[in-house]
Amino acid sequence: MTVKAFRATLLSMRADPCKGLAAEALVHHPDGLLVVENGYVAAVGAYADLASGLAKDVEIEALPGRIITPGFVDAHIHYPQVGVMAAWGSQLLDWLNHHTFPAERAFADRAHADAAAAFFLDQLLHHGTTTALVFCTVHKTSVEALFEAALARGMRLVAGKVLMDRGAPVDLLDTVEGGRTDTEALIRAYRGRGRLGYAITPRFAVTSSDAQLQMAGVVAAAHPEVMVHTHLSENLQEIETVRALFPGDRDYLAVYQRHGLVGPRSVFAHCVHSSADELKRLAAAGAAIAYCPSSNLLLGSGLFDFDAACRAAAAVALGTDVGGGGSFSLLHMMGEAYKVGQLRGRVLDPLQAFYLATLGGAKALKLDDRIGSLEVGKEADVLVLDPAATPLLARRTSAMTSPAELLFALSILGDDRVVERTYIAGRQFRHYDGLDKTKPPAVSDRGLR
Ligand code: GUN
Ligand code: ZN
């Protein structure tokens, strides 16, 4: 049995501040103790309450000035788009045609996909993201490459093959039958392996025929453990295109609803322009929104109305949407979401932002029984943050005692430099040279989900 104990400040969310008082949703132990046993959280609380109960041979590592948090959850990201980050000058549909589709072509090649997957996952971990919901490309091999790289790192990851049978360059299209065969083969091949989950991934209504969306709904219904992951109402031109392609549907969400793609295991990226009625229907179905503020700003898509989503009681999480987004850092996304709030005349509470980046993401991915907070029995995907990682941060945070104030400073002034250590199921990821290879991950798996 491997037991590790860490003494530091502990910060974690236990509930959605949207639904009540932010301060009560926070778990804060200024002098805390986190005990990790065989990859799971075995104890969490005040050092003064727990230390004396530890077995004599358990060494406590003191981490003065450090904060331990749950690993971040990125609820929407594209691994094949690292090479198009920071593309200048276009909005969604042009950006897809001129930057994204050409980059995605290269993922037909397994060696290219393997190298990209390894780089991508190491970037996630380096930035403190321990779980993500990931778009691959239309190529089956792109999913295999990512899943194999995630298995090697012991990461909890959900991903899927892009379905797109129209509206993109011909060499990037699949067919209804081809999409179904590949999707089912991938679900079969990776079910129950490591900590992986599958997401049925129609790119968006613009690039799937009615027949393909219908097939996606049928496959989702046949596999209740898998997720559904797509884009929704990101950009005004996109919405007009969907209106023209599906004139019989009352709105964009209705297209997905008609095919059984809107349920409790669905995650919709963006929803920047979703109507109050769409948000209400989305919430009633138990689906979640991946809010991607950096991408929405860089692609000029618009300002997500977080208040409206809260009013509709829709579940919201944060996504980087790399490569539309300009950073892998969920801390940075928390800061970007704050700035979008300012532009809408609404100040986002730092604890709300922290919830979106951790437990909110876990809930959106239906993984909150396993990850997203520091709770006994959860998997020990945890971070050690250094609030004095840079001279500027050290100067600005030295006198801060309130968690909200501190988290806000980290979200505005911090990024990957703040993430001192990342643990996956209790094993430390070694920045830039991969995992400590001494042992396979302790957390095994209870099935593909
Ligand atoms: N909508 C359809 N495909 C994409 C994509 O790759 N990125 C973003 N941001 N939106 C999309
Ligand atoms: Zn996206």
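## Basis of the report

A residue is termed buried when its relative accessible area is under 20%, exposed when over 50% and partly exposed in between, with a 1.4 Å probe and protein chains only. By this criterion, H76 and D321 are buried.

The model is predicted, so local features need pLDDT of at least 70 and side-chain atom pairs pLDDT 80 or more, whereas totals for chains, interfaces and linings use all residues. Residues are numbered from 1 along each chain as written, ligands are numbered from 1 in the order written, and side-chain values use heavy atoms, without hydrogens and water.

## Zinc site

The zinc ion (ligand 2) has as protein donors (N, O and S atoms within 2.8 Å of the metal, or 3.2 Å for Na, K and Ca; water is not among the atoms, so sites may look incomplete) H76 (NE2), H78 (NE2), H231 (NE2) and D321 (OD), at 2.0 to 2.3 Å. The donor residues follow the spacing H-x1-H-x152-H-x89-D. Distant parts of the chain are linked by H76, in strand β5 (residues 72-78), and D321, in the loop between β13 (315-318) and α13 (330-343), which are 245 residues apart; helices (H or I, at least four residues) and strands (E, at least two) are DSSP runs numbered from the N terminus.
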